[in-house]
Amino acid sequence: MTGIRVGMFAPVGQFAAPVGQRQAILADIADSGVDHVCVGDHVSFHVGAGADALIDATSLLTHYAELPCYVALYLLPLRHPVLVARQLASIAELAPGRLTFGVGVGGEDPHELEICGVDPGTRGRRMDESLEILRGLSDGKPVSFDGEFFALRDALIVPAPEPSIPLIVGGRSSAAVRRAGRFGDGWLGIWISPRRFRSVVEQIAEHAGHADRDPSGFEHALNVWCGFGPTRDAARTPLAAAMHSFYQMPFEPFERYSPYGTPEEVAEFLYPYIEAGCSVFNVIPCASDHETAVTAVSEVRHLLTSMAAPPGRGAATARE
């Protein structure tokens, strides 16, 4: 199996390094051999933290001309889809073929939706309408739409992105899986076992078939928090601290899905996801320092691509 890509989240927005270090760290990422840089999106998460993913993506794409950017993921129900379609078209002109657009409904912090004027109970329905509108606008033809939340007459966004921007749907619910099959070019998971990942990939293919779509070109991905260090104990400490700070929850509920240790140990943990149908890993690295994190992700990429390439390799033990 080939075509594995490994990227990492940049130290911007909610994963920020001190301002004076950011450019140097981003330059290290660009030189490290990873396949793309990732950005996240929140308006005001728990303690008010956040970053606008499309602004961060534009900045990164502008400053690093060879480095693709993966938005993982954008809280689409908080925005108007026509405005998002224009932003995407503008980015496509700036950096054609270098953006992957992952979207999700959010919801870990309902207050974040409420202060944006969105009823948390409607976010799924808003997502469905937004995805249908985005899909319609992506080919440069007029779109009319009458829905619960949006009503459009001959909306038009030109020029259409060329090449088209992959639209990846994230989420763990059955509704998110259905959306990925109906509207997406793939699925983005998090906190999931390899067995469940394989099941979701199969379900998405079924939903795509029901929508008369061909899933053979879909690209499925995993967002994964990883801790790196010379020992497992040393690697666990920064990972647990970072996740506790970000989610305002203990680390233990996330631990079974968040590998830590040396790059070799992390790669061994992740390999079963490749066998389950994952071809993209978006690593959120935690380590004692940023240089260690960047070097470790680069090594994980090398190990996973090497492990995936030889034919006939025995299946690694999946963690259920």
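Helix 10 passes helix 11 in a right-handed crossing; right-handed means that the near helix is turned clockwise from the far one by less than a right angle. The contact (heavy atoms within 4.5 Å) is made on the helix 10 side by Pro263, Glu264, Val266, Ala267, Glu268, Leu270, Tyr271 and Ile274. Helix 11 contributes Ala296, Glu299, Val300, Leu303, Leu304, Met307 and Ala308. By class, the contact has 12 nonpolar, no polar and 3 charged residues.

The model is predicted: local features need pLDDT of at least 70, side-chain atom pairs need 80 or more, and totals for chains, interfaces and linings use all residues. Numbering runs from 1 along each chain as its sequence is written, and side-chain values use heavy atoms, without hydrogens or water.

Now the geometry. Helix 10 spans residues 263–275 and helix 11 spans residues 290–308. They pack at an angle of about 45°, with their axes 9 Å apart. That makes helix 10 oblique to helix 11, oblique being what is left after under 35 degrees (roughly parallel), over 145 (roughly antiparallel) and 65 to 115 (roughly perpendicular).

What does a search of the whole structure find? It finds 1 cavity of 30 Å³ or more. A cavity is a set of points on a 1 Å grid where a 1.4 Å probe fits but cannot get out, and lining residues have an atom within 4 Å of a point. The largest cavity has a volume of about 30 Å³. Its lining includes Ile190, Trp191, Asn223, Trp225, Ser258 and Tyr273. Strand 11 (residues 221–228) gives the largest share, 4 residues. The lining has 8 nonpolar, 2 polar and no charged residues.

Definitions and conventions:
Axes fitted to C-alpha atoms, helices over the stretch in contact; angles between N-to-C directions. Helix = DSSP H or I, 4+ residues; strand = E, 2+ residues; numbered from the N terminus. Nonpolar A, V, L, I, M, F, W, Y, C, P; charged D, E, K, R; others polar. 1 Å grid on protein atoms, 1.4 Å probe; cavity = no way out; pocket = protein on both sides within 12 Å on 5 of 7 lines; lining within 4 Å. Points joined across faces, edges and corners; volume = space filled by probe spheres on them.
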